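Subject: Structure for you to look at

Hello,

Here is the structure I said I would pass on. Please open it first, then read the notes below with the model in view.

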Amino acid sequence: MSSFPDLLARQLARLGLTDATPPDAAAWQRLLARVRRAYADHAEESYLLDRAQAIAARESADLDAQLERERDLMDTHVRERTAELAASEARFRSFTSLGSDWYWEQDAGFRFTSIAGNTALYPGHTIAAHLGRTRWELPEYDPPAEGWEAHRRLLESHQPFHDVVFRFRVPNGGRAYAAVSGEPVFAPDGTFAGYRGIGRDITEQKLAEDNIRRLARFDTLTGLANRSSFFEQVDHAIARSRRTNHAFAVLFIDLDRFKDVNDAFGHATGDDVLRSMAQRLQKAIRARDSAARIGGDEFVVVAEEFERPELVAEFAARLLDALGEPVLLRGQECRVGASIGIALYPADGEDAQTLLKRADVAMYRAKEAGRNGFAFYAGNDAPSSEERMVLAASLRRAIDTDQLLLHYQPKVSLRTGVMTGVEALLRWPHPERGLLLPAAFIPLAEDAGLIRRLGRWALRAACRQAREWSLQSSDPFPVSVNLSARQFTDDRLVAEVSDALTTAGLPSRLLELEITESAMMEHPDRAAEKLAELRSLGVRCSVDDFGTGFSSLARLKKFPLASVKIDRSFIGDLPDDADDAAITTAVIAMAHSLRLAVVAEGVETAAQVRFLRERNCDEVQGYFFAKPLPAGEVPAFRQRRANPAVAAVGYAD
Amino acid sequence: METRLLTHRPEAGWSSPLPAGLDSARTLVAAFAPTAYAERDDFWASLAAAFPRSHVLSCSSVGAIAGEHVVDDTAVAVVVRFERVEVTSAAVPIQALEMSRRAGQKLGRALADGDPHTVIVVADGMHAQGSELVQGIAGALPAGTRIVGGMAGDGAACQRTWTLVDGVPRSGWVTAVALSGPVEVGAAARGGWRAFGTARRVSRAEGNVVLELDGRPALAVYAEQLGDLARGLPAAAERFPLAVRVDANEGAELMRTVQAIDTDAQSLTCAGDVPQGALVRLARAGHEQLIDSAERAAIAAKPRDGAPVLALAISCASRREALGDLCDDEAAVAHAALPPGSTQLGFYAYGEIAPSARAACDLHNQAFSLVTLRELLS
């Protein structure tokens, strides 16, 4: 049966049939059934295999088409990315060539590994010699303004830096300046690999700035020194006086009838008068004295080396004579005249600000006493009513025209060393008197009925600023604002606070209000209600100047407060004054028992910091860490405090 | 080792008197009976009377394999008295489908003490998850113990399956006998199935339910492959099991019968686990391939020296369905491949327990599995 196909042979074998013996009818039927089934099996198998093949072919074609589409997409993507890359590289090139002159790289030891680009402008001219060395190892480099130590600390902390100015000695003996920026470079595994950055030759710009600064020292109308160089002159005078032990005087001169002249003859004539008065002053003073114009019709003279005040009086009288000479205005003789206030160094003040202020006060007395006279500062001189009126008017104007400023004094945690918040402090950049502190104008504002407007201005400005910071930081910090007693008792306070928050879009937890102990204790029940209302807004309140109001801490228990601020008068003599030390220690302990945080203000020395930290005071505020800063400097300060290395330095006793 | 094969028909009784003389503690009685025999108290009473000391292993089947024939409405039994091989037995209830592995572990522990050479398991085919049960048993027995057997069947009726517990047929139990001592056992399972078409990745499956293949609904992929033959679903599913490959680099495929389809969920319910991530293809077998595979199983399981054996044939209920009146051929070719003088009997199961390419003991579907036993004489 070997000639039969295998399948048929098996069927025959199973039925016991051979080709030699024809089957009987029953066996024949069984054989047929088996053959039928075998064929059917075969047909089914063929069908399924064909079908499988068709499906596979279709799927393979689909896959091909999909691959084709994906390859097209990929091609497009690659083309687009290549074009983007080329554009971005071109941008980078033009950016670096516009923004910088050369490009540099340093290794992890801050040694130059490459200086490339427009190296003809590289002030050292000795690039090869610079490779392999740090900036401070190179004799051509002068230290940056903050000194090598500070610069190296910055590098060690792997911080980026921008436009650090380096001065170079160049071969011809001259000086060149470069502004250098850099950023740390990290290897893929995160280890520090060095720095890279750019440099720019700013020599010309630097020289131009010097020129501008020189120009900026003089008043263009009269050619006299201006306000800022007046302060320098006073500083020089103080320095000289300390060496020679000679007193000197600051004379504040205000023209008496200048306003009338201006009104009657116009500004051009007014300017002529100012010029001629300046010339007279210049003539009247001695070689060692100096004169400056510091405002509209205000002049100052620094008169040095007087043995006796009488001599100053003589000098002032001489100036009055010179200024009192008639002037010819359009053919008409006029006497303008002046009043002079005198402050003496060191008796009336030890710095330029104080001397100028006191000379100003004395000048008002001279005017009150009848014009064309002079007066010495008398120690208890209160500002005259006229001065107060003038000041009040200009304060109102300053509020209305948004000329007031807030400075912000950081609060630093004694536990972590990081900045936890700031207190907003009012400043009035007075056009003539310089930057005024609240003590100089708050009493005035209270008398003039301006305190509410002032308070509202400060609240709104602080909220705006806090909002701005909160947008810049993932971890925003609260800003605290002082409330005056009058503000605190005002029925509209809660609505105003709520309004200020809404207008600025500031979350209420980022606002803190500081209320003096005495304001709270005036009407304790009402104060408690008000504090509860503020708390329900989500605003935290703290008691300011604690210890000055003679109230016990226990009475604060009923107020919903977040913290207590120990008055600076208890901090100043720490740790030596035993009474202050005992009071401070007790206040901290009791406040903590009431679950109030404690802030110490006016902290100026490492010894005070140590004392307060040992007693678990929570936060401090004061010159030891930072003076009140312009808003723009706060983020950088916070950044520095966030750096543990710097925070630790801040603690070094 | 003395072996006696008998059959029993409802109207005629035993084919010959029961050899009560073979009763002993070393005697194994294996009996496979139609589902309806659960009610035949006289049958069980006669066995109990003749073999009070023997270990009786019994389960339901649809039709039984007796020698080279498949018989319907007939029980088949073998009585084996070993001389030195020790026989023990155990039974454990399967409280819930989800506790199949636990029941397997318990059974394994009950038999582990005797350090058995081979364990023959019969379990309720409708109240146990075969794959889980087998893994439970294997995990509790010493490594190297041979585990064979099957899940009691009920033909295509799927109404009641049982195993014998303490002389009484009961649903929801797993029972086993363990053999230790000088016994030689061969076991092999072959299916004859040929996978065809594109391999699909099981992208979503839960236990024995396949939900997605290559991210598409499983039933849609399955039916697409069948084309016109899909019109025969769901009955036709039994003829097209899934060939499952867990590891793409591994050649061996395990068959999984598609027991049911769900047109709403578009899923395939299989008679055993189909792990997510596995590759599957459809498989089919012609009558010839099915028959051939029985022969190949016998050739693989039989001893090399040609000495006669007791052969326990456990075939899949769905093979019987597929072969129809050719099912005799399956029994006949297997029997013919065994050494002359061998005794063969067996049953149709809902899952065959035998070695596989992936495990020393595994749950098969659609296979013809053959276990050969003989006592070694010193």
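**A leucine in chain A**

A:Leu154 counts as partly exposed, with a relative accessibility of 27%. Please keep in mind that this is a predicted model. A:Leu154 belongs to helix α4 of chain A, which covers residues 147-156. Leaving out residues up to four places away in sequence, A:Leu154 touches A:Gln159, A:Pro160, A:Phe161 and A:Tyr195. Another residue to look at here is A:Arg640: it is 486 residues from A:Leu154 along the chain, yet the C-alpha atoms of the two are separated by 9.9 Å.

**The chains**

Chain A has 653 residues, and 45% of them count as buried. Its secondary structure consists of 22 helices and 22 strands. Of the contacts in chain A with a separation of 6 or more, 60% are between residues 24 or more positions apart.

Chain B has 378 residues, of which 57% count as buried. It has seven helices and 26 strands. For contacts in chain B between residues at least 6 apart in sequence, the share that joins residues at least 24 apart is 79%.

**A glutamine in chain B**

In chain B, have a look at B:Gln289, which is in helix α5 (residues 287-301). B:Gln289 is partly exposed, at 23% relative accessibility. Which residues is B:Gln289 in contact with, leaving aside its neighbours within four places in sequence? They are B:Gly192 and B:Arg194. B:Gly192 is 97 residues away from B:Gln289 in sequence, but the C-alpha to C-alpha distance is 4.9 Å.

**Aromatic rings**

Over all chains, the count comes to 24 aromatic pairs. One of them is formed by A:Phe110 and A:Tyr195, with 6.1 Å from centre to centre and 50 degrees between the planes, and it is classed as tilted. This pair links distant parts of the chain: A:Phe110 is in the loop between β1 (102-106) and β2 (112-117) of chain A, while A:Tyr195 is in strand β5 (residues 192-201), 85 residues apart. Are these two residues buried or exposed? A:Phe110 is buried because its relative accessible area is 6%, and buried means under 20%. A:Tyr195 is buried too, at 1%.

A second pair is A:Phe374 with A:Phe376, which is edge-to-face: the centres are 6.4 Å apart and the planes are at 80 degrees. Both residues count as partly exposed, A:Phe374 at 31% relative accessibility and A:Phe376 at 25%.

A:Phe110 and A:Tyr195 also belong to one aromatic cluster, along with A:Trp104, A:Phe112, A:Trp136, A:Tyr141, A:Trp148, A:Phe161, A:Phe166, A:Phe168, A:Phe186 and A:Phe192.

In chain A, the charged end of A:Arg286 sits over the ring of A:Phe315, at 5.4 Å from its centre. In chain B, B:Arg40 lies over the face of B:Tyr37, 5.7 Å from the ring centre.

**The largest pocket**

The largest pocket holds about 1000 Å³ of space. Its lining is made up of 40 residues, and those nearest the centre are A:Leu425, A:Leu426, A:Arg427, A:Pro438 and A:Asn482. Several elements of chain A give two or more residues to the lining, including β13 (405-413), β14 (419-430), α12 (438-447), α13 (451-472) and β16 (479-483). Which element supplies the largest share of the lining? It is β14(A), with five residues. By class, the lining of this pocket has 18 nonpolar, 10 polar and 12 charged residues.

**The largest cavity**

In the whole structure, a search finds five cavities of 30 Å³ or more. About 80 Å³ of space lies in the largest cavity. The residues that line the largest cavity are A:Phe488, A:Thr489, A:Ala519, A:Met520, A:Glu522, A:His523, A:Arg526, A:Ala527 and A:Lys530. At least two lining residues each come from α14, α16 (517-522) and α17 (524-537) of chain A. Four of the lining residues are nonpolar, two are polar and three are charged. Helix α14 (485-489) of chain A also gives two or more residues to the lining of the largest pocket.

Regards

Methods. Residues numbered from 1 in each chain as written. Chains lettered and ligands numbered in written order. Predicted model: local features only at pLDDT ≥ 70, side-chain atom pairs only at ≥ 80, totals over all residues. Heavy atoms only, no water. 1 Å grid on protein atoms, 1.4 Å probe; cavity = no way out; pocket = protein on both sides within 12 Å on 5 of 7 lines; lining within 4 Å. Points joined across faces, edges and corners; volume = space filled by probe spheres on them. Helix = DSSP H or I, 4+ residues; strand = E, 2+ residues; numbered from the N terminus. Nonpolar A, V, L, I, M, F, W, Y, C, P; charged D, E, K, R; others polar. Phe/Tyr/Trp six-rings, centres within 6.5 Å; stacked < 30°, edge-to-face > 60°. Buried < 20%, exposed > 50% of the residue type's maximum accessible area, 1.4 Å probe, protein only. Lys NZ or Arg CZ within 6 Å of the ring centre and 35° of its normal. Contact = heavy atoms within 4.5 Å.
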